[in-house]
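Please examine the structure shown below.

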Amino acid sequence: MEVRIPPHGLPGTLILPTQPQALVAFAHGSGSGRFSPRNRQVAARLREENLGTLLFDLLTETEAADRRKVFDIGLLAARVGQALAWVDRQEELAALPLGLFGASTGSAAALRAAAEHPDAVEAVVSRGGRPDLAAEWLPQVRAPTLLIVGGEDTEVLALNREAFTLIAGPKDLQVVPGATHLFEEPGTLAAVCRLAGTWFDTHLGQRPAR
């Protein structure tokens, strides 16, 4: 289902299994959007776990051309918050436990949104993220948070390890051996899918009987 997130009409794609146990909204990184092939692959794997997915653009086309807005974590987090509010108004979605999956700068936006909306967000996963860009908000994050970083992405790994110490709630940091920032190496994105699926399955409810 193609949707529009108010008040800016941001386009999104909502896909629900027949009986979803939860919903995961995606916050994309700089220069990316709802068509991100990596996030779409993760989303497809999550749907195999009976999780609904919402992939949406955080910026309008005009805003996306402005590099200042691409890295404006406050703005991006506000857009995530608007998506959370939209979800809460949808009858078929409002009762579902909600998780956030963030990549790159989108991870900082997801974590700040989790801090600002503690009653709405029940779990967060970051892939190759920059949680350090939301450092001042991390002590307010209560949602169980998983940071996934490539073992060869040394600079980002160091930033994640530092940010990890600031997160207040339940947390874990998983390093994918041999992976660089975009997880382009064979098998590395599949590892991200497995880790994210297990985390959301654990923290957003029990897996239904197959």
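Which residues in α4 meet which residues in α5?

## Basis of the model

This is a predicted model, in which local features need pLDDT of at least 70 and side-chain atom pairs count only at pLDDT 80 or more, while totals for chains, interfaces and linings use all residues. Residues are numbered from 1 along each chain as its sequence is written, and side-chain values use heavy atoms, with hydrogens and water left out.

## Helices α4 and α5

In α4, Ile73, Gly74, Leu76, Ala77 and Val80 meet Thr105, Ala108, Ala109, Arg112, Ala113 and Glu116 of α5 (contact means heavy atoms within 4.5 Å). By class, this contact has seven nonpolar, two polar and two charged residues.

The axes of α4 (residues 73-88) and α5 (residues 105-116) come within 8 Å and cross at roughly 60°. Therefore α4 is oblique to α5 (angles under 35 degrees count as roughly parallel, over 145 as roughly antiparallel, 65 to 115 as roughly perpendicular and the rest as oblique). The crossing of α4 and α5 is right-handed.

## Nonpolar cores

A nonpolar core is a set of buried Ala, Val, Leu, Ile, Met, Phe, Trp, Tyr and Cys residues joined through side-chain atoms within 4.5 Å; buried means under 20% relative accessible area. The largest core has 45 residues, and Leu23, Leu54, Val80, Trp86, Leu100 and Val124 have the most contacts inside it. Helix α4 gives the largest share of this core, eight residues.

A second, separate core of 24 residues includes Val24, Val42, Val176 and Phe183.

## Threonine 188

Threonine 188 is found in helix α7 (residues 188-203) and counts as buried because its relative accessibility is 5%. Apart from neighbours within four places in sequence, threonine 188 is in contact with Val176, Pro177, Gly178, Ala179 and Phe183.

Definitions and conventions: Axes fitted to C-alpha atoms, helices over the stretch in contact; angles between N-to-C directions. Helix = DSSP H or I, 4+ residues; strand = E, 2+ residues; numbered from the N terminus. Left-handed = near helix turned anticlockwise from the far one by under 90°. Nonpolar A, V, L, I, M, F, W, Y, C, P; charged D, E, K, R; others polar. Buried < 20%, exposed > 50% of the residue type's maximum accessible area, 1.4 Å probe, protein only.
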